[in-house]
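Here's a quick tour of a two-chain model, with the geometric criteria spelled out as we go. Have the viewer open and follow along.

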Amino acid sequence: MSLIASNLCLKPDTEYHLNDVCFEMSKGEIYTIIGRTLAGKTTLLKTIAGLIAPESGSLTLDGRDFGRIPVWKREVAMVYQQFINYPHLSVYENVAFPLKQRRMPKTEIRNRVMRALSQVGLDGFENRKIQALSGGQQQRVALARSLVKEANIVLLDEPLVNLDYKLREQLREEFRNIFSAKASENSILIYSSTDPVEAMQLGGQILVMDEGRILQQASAKEVYENPNSTKVSQITNDPAMNLFEGTVADGKVILSSEIHFDLPEHCQALPQGSYIFGLRAAAISLADGGFPFTVELSEISGSETFLHLKHENVQVVGLLDSVQNFNIGETVSAQFDTTHLYAFATDGRLKSSPYGGLK
Amino acid sequence: MGYFYTTLKYLAVTLWSVFVIAPFLWAISTSFKDFQSVTNGATYIPWVDFEPTLEGWRALWKSPAQGGVAIVEPFFNSVFVTAAGSAISILLGTLAAYALSRFTFKAGPIRNGDITFFFISQRIMPPVVLAIPFFIMLGKFSLLDTLVGLILVYIVLLMPIAVWIMVDFFNKVPREIDETALIDGCNPYQAFYKVVLPNSIPGIVVAGMFCMIFGWTDFFFSFILTFTEVQLLPVAIVALNSSITPWWSLSAAALVSVAPLVVVAFIVERFLSKGNLSGALK
């Protein structure tokens, strides 16, 4: 089974919601659409579900024109970022709803519903009212309803985004196991997220979206190692990859009058000229003999510290793997791990990567 | 300072309660009086100031020939016209509101908001503006002084209220609920009556209540558009006010006219506290 989108376009007003979107998705795979808010992720998912009709382009499932099938006849299931359930129905009735629509035998419905509730850890909640559940439990009900259909395509639109941090971490782990099992049942699982960590954790294939356009489609590993543009490097890293303009001259990378270093080995093939260089926050550390930077902001996040540094026109964020306190305006010595240096052309295309470049 | 404001607050609430409840107590007291108790100076407390009698209440069931005031027929006319007018208005108004909330209509410069305003504008106009057109139109169709004519007029008057309340209500019902129903296998009609409608009961009840209040308390149109064949309760009660007003029957009739709204308020209160959309979208 394969879902193929060709040149999907949607421009309801002045901006594209879908801009020449093309992809091919195969059964048994998890696909994560990652992009910032308003990148077009939800629009794409709704287009696949049939809730939005593209202005041009086609969508085919196993060669059949999927676009001509009305929503209620498509074999899709969808979970929204809001916890969408039917408030007038109990948990059992909520999960059973799509099966009742199909007029399945009662015993079959019961078996499937109980199995789905068990999968999402809601055994014993069948008779509860939706209002009596917590946010996480409500989202589990929505997930159970999407699983119970055993649909060909399961769409998950940022399902964890409205949960608190702890619950999100817990459900992310549980969902990953459920999704892996679901994908192995020959479904196409499409998950949208703004969170790069979430996307990388789910693995599978990643589609990076921005302004309605798919910027890169590749495995999670490939997208991480070889982001094909500066935009992708920004979207798929948290914090975003540090980007700074510089030049390559005489075997050196020159970022400013005081910040210059030898061209790393993997960038030796770069011809002289201007580039945009990229370095992940984790590749910047504090050590003697580094470059002088002024601390602009220091943020403690869990057991790590994000350090916002500036030197002339070079601004970077460093990630220290311990909790440290800094004074704003303090001068520190920052070292760049140039073995992880990326080089992009001035138009944003990837030119050199520590992992060998685009495959 | 806190004690002072609490006292002030309770005093204000008490005064307002007295202001609201006093006319009812007065009407209840008067409905159990007879001619003498009403005309022989001010009397308030039954069995102390006057001897209570059910004459005023009995007169409601008697015809004028029997010395009664005959409000039974106007009462049921009012019930029928209000119920039918409200029910049809709610039915049509709910459907119209759902369409205006969920679909985009374009006709030249006209958009959904303009259509909604068109409905509401029917209520913005002073009723007297509509009186002559209604009178002429009902006359042309031989519907003057008929229950059907009044029901049609009430639909025109009540549907804007239903549309107004329901558009606002549907706008607050997340579209994702409809979409989820479609994804779960409902066609658009099934999505409406299996999912959206059951979750809209609080809105429908509120809209119904407003329609019934407006319909039940209308005096102007029922006075203008009926003569001898059909009479509604507000007109019948006002008609009791003559040179020799039977205040005891008039009070009883006034209380009877309030009773259905009190019953409706109790039912509505129960519905409103029961149904809500929490859990649809947390």
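## Ground rules

Axes here are lines fitted to C-alpha atoms, for helices over the stretch in contact, and angles run from 0 to 180 degrees between N-to-C directions. Contact between two residues means that their C-beta atoms, placed from the backbone, lie within 7 Å. Helices (H or I, at least four residues) and strands (E, at least two) are DSSP runs, numbered from the N terminus.

This is a predicted model: local features need pLDDT of at least 70, side-chain atom pairs count only at pLDDT 80 or more, and totals for chains, interfaces and linings use all residues. Residues are numbered from 1 along each chain as its sequence is written, while chains are lettered from A and ligands numbered from 1 in the order in which they are written.

## A sheet and its helix in chain A

Chain A has an open, antiparallel sheet of four strands in the order β2-β1-β4-β5. β2 (18–26) and β5 (64–65) of chain A each have a single partner strand, so one side of each is left without a neighbour in the sheet. Pairing takes at least two DSSP bridges between two strands, and β4 (residues 56–61) and β5 of chain A are joined by two, in the antiparallel sense. In β5(A), A:R64 is the bridge partner of A:L61.

Helix α1 (residues 41–49) of chain A lies across β1 (2–10), β2 and β4 of chain A, and runs at about 60 degrees to β2(A).

A:N7 isn't a glycine, yet has a positive phi of about 50 degrees. A:N7 sits in strand β1 of chain A and counts as partly exposed, with 13 C-beta neighbours inside 10 Å. (The cut-offs: buried is 20 or more other C-beta atoms within 10 Å of the residue's own, exposed is 12 or fewer, partly exposed is in between, with C-beta atoms placed from the backbone.)

A:R103, also not a glycine, has a positive phi of about 55 degrees. A:R103 is in the loop between α2 (91–101) and α3 (106–119) of chain A, and its 8 C-beta neighbours inside 10 Å make it exposed. There's a cis peptide bond too, between A:D238 and A:P239, with omega at about 0 degrees.

## Two domains in chain B

Chain B is assigned domain 1 (2–66) and domain 2 (72–274), with bounds from an automatic or database domain assignment. Their centres, taken over C-alpha atoms, are 31 Å apart. The contact takes 13 residues from domain 1 of chain B and 11 residues from domain 2 of chain B.
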